Amino acid sequence: MKLFYSIGIYIASWVIKCAALFNSKLNQGVKGRKQTFSKLKQAISPTDQTFWFHCASLGEYEQGLPVFEALKQQYPHYKVVLSFFSPSGYEVRKDAKIADIVVYMPLDTPSNAKTFLDLVHPNYTVFVKYEIWPNFLHELKKRKLKAVLISAVFRDNQAFFKWYGVYMKSALLAFNHIFTQDENSKALLRNIGYTNTSVSGDTRFDRVSNQLDIDNRIDFIDTFKAQNRCVTFGSVWPEDDKLYLDFINQSITSDVKYIIAPHNIKPSYIASLKAQLKVKTISYSELESADHLEQYQVFILDTIGYLSKAYSYADIAYVGGGAGATGLHNILEPAVFGMPIIIGKNYEKFPEAKALITLGGVTSVATPEAFTNTLENLINNDTVRQNQGDITQTYIRSHRGAVHKIMAYFKASKA
């Protein structure tokens with residue numbers, strides 16, 4: 001199985017290189033991986049003590065960050081190597097302050113694994129959530145290097161739990177410890193004979209809770225919102241736009257402001273979005289030439305880095321991704337500020353969305369009419385809005401603590 005897997009990786013590498021000729025994102029990854037080993041040689045010496053943190057992309061990085069920060073604080077003399085598989089993670093966080101060096105993870109071949117670990121020689125390796133790379137993990141185990149998986153979620157239809165997934169199962173066994181988000185994941189691991197597990201919960205709850213400890217003020221949003229109520233649309237896609245644009249365009253009240261943070265901030269898409277809005281609209285890219293921000297009704301955040309703070313200005317949030325097939329974005333980011341949340345119809349793969357819908361803090365809508373009815377009720381009914389906001393905030397508070405449980409393990413094992 002190992003041979004077939006490795007051959008598959010080599011074939012995938014060739015396919016990716018060919019596809020990269022026509023895809024700029026893939027091309028970024030191909031070029032970036034060529035530089036990984038030279039960067040590591042320059043940044044890490046043979047005598048350094050190191051942590052290796054690996055994330056698939058940006059979402060996993062945000063999930064792992066509170067653990068990374070806690071480990072860095074506990075062991076400040078360790079150098080940190082942070083790796084990403086996806087360009088969308090690397091390009092945004094290539095200058096992450098948590099790390100001494102940020103690189104692309106090489107493709108999972110035996111030779112890459114050996115070279116990478118020769119250079120990094122990690123005292124501890126931390127993978128986040130779904131990252132299971134057999135050749136790297138087997139090489140870590142062969143060298144008796146410690147590795148943990150955090151915030152893991154497993155489903156019984158995954159290869160680890162099937163007769164044909166023997167090689168993938170053996171990769172799981174290379175971890176010294178796996179911290180799962182739920183009891184079901186722990187039970188699945190136990191069924192295949194893996195018992196070094198703990199249910200720590202989801203580190204994202206700790207991550208978003210940290211947002212309350214920082215200054216969330218944004219000067220231009222202060223001016224734009226003034227004393228009005230505010231609805232923030234976070235990480236929206238064109239499918240989401242179809243739900244809410246009519247509501248904004250038909251809005252008869254001027255005391256509600258709207259912040260729109262699209263997932264796609266390419267100028268062509270922003271221009272299209274603005275063309276569909278019939279109310280007075282301004283975007284971040286127009287700030288320098290704009291006066292009297294308080295006179296605008298819609299603010300488009302066509303930039304990155306502000307959404308988490310922008311949620312602090314919202315009385316109500318709509319979180320995108322659920323109206324289409326792209327995947328629901330993080331509803332915990334607005335929930336931590338205690339507000340009602342609206343999402344699209346596709347949320348079945350997101351346990352926090354299902355839980356908050358059951359509790360009554362999140363509403364799923366499938367049509368523009370349902371969106372309008374829901375938002376009108378939340379805007380006009382202070383009691384309903386407050387009650388739903390209390391539900392989302394209480395949910396966040398009751399699920400914190402994963403980082404503390406994970407750090408207790410590291411302290412006991414003397415990282």
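**Helix H1**

Exposed means over 50% relative accessible area, buried means under 20%, and partly exposed lies in between (1.4 Å probe, protein chains only). The model is a predicted one, so local features need pLDDT of at least 70, side-chain atom pairs count only at pLDDT 80 or more, and totals for chains, interfaces and linings use all residues. Residues are numbered from 1 along each chain as its sequence is written, and side-chain values use heavy atoms, with hydrogens and water left out.

H1 runs over residues 2-19. Helices (H or I, at least four residues) and strands (E, at least two) are DSSP runs, numbered from the N terminus. I checked the span of H1: its 18 residues reach 25 Å from first C-alpha to last, close to the 26 Å expected at 1.5 Å a residue. The expected span is 1.5 Å times one less than the number of residues.

Which residues of H1 are buried? I found Tyr5, Ser6, Ile9 and Ser13. They sit on the same side of H1 because they cover an arc of only 95° around the axis. The arc is that of the directions from the helix axis to the C-beta atoms. I noted the general rule: an α-helix has 3.6 residues a turn, so residues three or four places apart point the same way. The cover over the buried residues of H1 includes helix H6 (110-120), helix H7 (134-142) and helix H8 (166-172).

I went to Gln63 next, in helix H4 (residues 58-74). Gln63 is buried, at 2% relative accessible area. I listed its contacts (heavy atoms within 4.5 Å). Leaving out residues up to four places away in sequence, Gln63 touches Val128, Lys129, Ser151, Gln181, Asp202, Thr203 and Arg204.

Arg207 lies in helix H10 (residues 204-209). Arg207 is partly exposed, at 23% relative accessible area. Beyond its neighbours within four places in sequence, Arg207 is in contact with Glu62, Leu65 and Pro66. What joins the side chains of Arg207 and Glu62? I found a polar contact of 2.6 Å. That term means a pair of N or O atoms within 3.5 Å; within protein, one must be able to donate a hydrogen and the other to accept it, and residues adjacent in sequence count only if both atoms are side-chain atoms.

**Helix H16**

In helix H16 (residues 351-359), I found Glu352, Ala353 and Leu356 buried. Seen down the axis, they fall within an arc of 100°, so they line one face of H16. The face turned away carries the exposed residues Pro351 and Thr358. The buried residues of H16 pack against H10, helix H15 (332-335), strand E13 (341-343), strand E14 (362-364) and helix H18 (382-398). Gly360 follows H16, and its phi is positive, near 105°.

**Helix H17**

H17 covers residues 368-380, and its 13 residues reach 18 Å, close to the 18 Å expected. I found Phe371, Thr374, Leu375, Leu378 and Ile379 buried in H17. They are on the same side of H17 because their arc is only 125°. The opposite face carries the exposed residues Glu369, Asn373 and Asn380.

**Cysteines**

How many disulfides are there in the whole structure? My search found zero. A disulfide is a pair of cysteine sulfur atoms within 2.5 Å. Cys18 is partly exposed at 29%, whereas Cys230 is buried at 1%.
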